[in-house]
Each structure stands twice: as C-alpha cells, then as structure tokens.
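Work through the exercises below with the sequence and the structure in view. Try each task before reading its solution.

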Amino acid sequence: MSVRTAVVTGGASGIGAAIGRSLAADGALVAIFDLDGDAAGAMAASIEETGGKAVGLPVDVTDRAAVDAGVEEVRARLGRPTILVNSAGLSVDGPFLDITAETWSRALAVNLTGTFDCCQAVLPGMVEEGWGRIVTISSSSVHSGASGMAAYVAAKSGVVGLTKVLALEFGRHGITVNTIPPGFIDTPMLRRTVQRGFVDVGQQTARTPVGRIGRPEDVAAACAFLVSEEAGYVTGQVIGVNGGRNT
Ligand code: NAP
C-alpha cells in the first residue's frame with residue numbers, strides 16, 4: 001500500500017493526539033494542525049521520537065486562509081494529504097437563554113465551519129488522487145441531546161449532516177467520509193467540563209455499560225479502521241465510540 005499523508009486537526013491534545021500517534025504507527029505521514037503551534041510541534045516531535053514522520057503547524061480551523069496555507073505546507077513537506085481527521089473542537093455549555101450570539105457563533109465556527117473548511121481544502125487533491133478518507137469527530141450528544149449544550153449539540157449535529165452529504169457527493173471518487181461521535185472520553189476537554197461541575201465522572205461511569213470512562217485510544221482504533229484501505233465500502237456512517245451509552 002502507498003504511504004499516505006494525513007492531516008489531524010486538534011491533533012495536539014486528547015482524541016486528536018491519539019489519532020495522530022495511531023496513524024503514524026500505521027505508517028502514515030502525519031500533519032498536526034492545532035491552535036497552539038508549540039503544542040502541535042511537540043506532538044509531532046513525540047511522534048518522530050517513536051519512529052514516525054510528522055510535522056506540527058499552528059492552524060486555527062476558523063481561519064480559512066490559515067487552513068489553505070497549512071494544507072499547502074503539508075503538500076510541500078509530506079506530500080498531498082489524502083486522509084483528513086477533523087478533531088478540533090470546542091465544548092461550550094450553559095443554559096439556553098444565556099447563550100450569547102458570540103458563544104453561538106464561536107461554537108459553530110470551530111466545530112462545524114472549521115470542519116467544512118478543512119474538508120473543502122483537501123477534497124480537490126483527494127479527487128485528483130482518486131482516493132481519500134475523511135473522518136469527522138462529532139459527539140454522542142447528537143443522539144441523546146445534552147441539556148445545557150444547545151450550541152455545541154447543534155454544531156455537532158451539523159457535522160453529522162455534512163458527513164453524510166460529503167459521502168454521497170464523493171463516493172465515486174474513491175473517497176469515504178464517516179463520523180465518529182465519541183462519548184465520555186478522558187481528555188483535557190472532558191476534564192475541563194468536570195471542573196466546571198457539568199459532568200460527574202462517577203455518575204457517568206455508572207451509566208456506561210462497559211463500566212469505565214473511554215480512552216482517546218478507543219476512538220483512535222475506530223478511526224484507524226475507517227481510514228484503512230479495507231474500509232472502502234464504509235461511507236456516510238455514524239460509528240459510535242461510547243462504551244454502549246448510545247446504541
Ligand atoms: P481536547 O483535548 O480539548 O482537544 C481538542 C484540540 O482542538 C485542542 O488541542 C484544542 O486546542 C484544539 N482546537 C480547539 N479549537 C481549535 C481551532 N479553532 N483550530 C485548531 N485547533 C483547535 O478535546 P477532545 O476531547 O480530544 O476533543 C476532540 C474532539 O472530540 C472534539 O471535536 C470534541 O468536540 C469531540 N468530543 C469529545 C468528547 C469527549 O468525551 N472528550 C465527546 C464528544 C465529542 P486548545 O486546547 O488550545 O483549545
């Protein structure tokens with residue numbers, strides 16, 4: 001199989017970091033896009049320490065010019081990206097009537113429009129290659145709803161819809177597009193939500209059928225399958241990784 005180049009947004013932390021490591025271990029050349037360029041660089045360096053090939057770039061997914069420049073730099077340094085994992089995300093919570101226009105717009109900009117822009121930046125190259133794999137990271141909250149998370153759940157629901165449409169439009173080009181909606185994964189984002197008193201780890205563990213909190217590596221394992229050669233007939237799907245919390 002040819003060596004693939006992958007872009008992982010939000011790849012300096014949590015789920016994106018585990019996905020970047022796993023893709024590199026499977027032989028892909030990995031570009032980490034993250035808000036924090038130093039953290040992205042450190043993640044790339046840690047991948048290289050274990051024998052992989054990676055670059056880390058400061059790319060804010062809400063800045064289309066930065067996304068396009070990032071993809072161009074990846075093409076020059078690692079080759080044309082044919083794998084994209086959209087893991088950059090922003091969790092916002094609070095009562096519906098307190099949501100400001102600014103908070104609403106920011107939640108949509110990072111989670112939904114950022115995913116749109118990254119997909120649009122890499123898809124022409126994937127079409128030329130006649131091969132591509134896109135995995136969006138949505139949220140199990142789109143199945144269940146989540147009280148106090150209207151902006152986030154609305155944005156992530158949009159990500160699921162976008163994923164399904166892209167699967168229909170690009171399937172004939174050898175490109176698959178799937179979404180993983182994770183639930184209750186132990187990452188800095190979840191820990192911040194716990195600190196705000198919005199999630200109780202003990203209570204949530206008790207209502208999780210497998211009886212534990214998820215690990216970023218649980219999500220990375222599903223992602224590794226979805227970007228594989230063998231997954232070419234799996235597209236437009238919602239592949240939950242949530243310990244059985246949503247079925
Ligand atoms: P995380 O540890 O906070 O990682 C998210 C990364 O995305 C961080 O490095 C963050 O940078 C970066 N990021 C945020 N805004 C960005 C932007 N505009 N441009 C580029 N990078 C940006 O969170 P995580 O839990 O791994 O989340 C990964 C994805 O899973 C997110 O889309 C999240 O919504 C989704 N998710 C997670 C869970 C869970 O249980 N953990 C559940 C459902 C869905 P900063 O740290 O500097 O902000």
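**Exercise 1.** State which helix supplies the largest share of the shell around the ligand.

*Solution.* The largest share comes from α7, with three residues. Helices here are DSSP runs of H or I with at least four residues, numbered from the N terminus. At least two residues of the shell are supplied by each of α1 (14-25), α6 (150-170) and α7 (188-195).

The model is predicted: local features need pLDDT of at least 70, side-chain atom pairs count only at pLDDT 80 or more, and totals for chains, interfaces and linings use all residues. Residues are numbered from 1 along each chain as its sequence is written, and side-chain values use heavy atoms, leaving out hydrogens and water.

**Exercise 2.** Sort the residues of the shell around the ligand into nonpolar, polar and charged.

*Solution.* Begin with the classes: Ala, Val, Leu, Ile, Met, Phe, Trp, Tyr, Cys and Pro are nonpolar, Asp, Glu, Lys and Arg are charged, and the others, Gly among them, are polar. The shell then divides into 13 nonpolar, nine polar and four charged residues.

**Exercise 3.** Find polar contacts of the ligand (pairs of N or O atoms within 3.5 Å).

*Solution.* Take the nitrogen atoms of the ligand: one is 2.9 Å from a polar side-chain atom of D60, and one is 3.4 Å from a polar backbone atom of L35. Next, an oxygen atom of the ligand lies 3.1 Å from a polar side-chain atom of R192.

**Exercise 4.** Is Q203 buried or exposed?

*Solution.* Locate Q203 in helix α8 (residues 201-206). Q203 is exposed because its relative accessible area is 56%; exposed means over 50%, with a 1.4 Å probe and protein chains only, and buried means under 20%.

Conventions. Polar contact = N/O pair within 3.5 Å; in protein donor to acceptor, adjacent residues only side chain to side chain.
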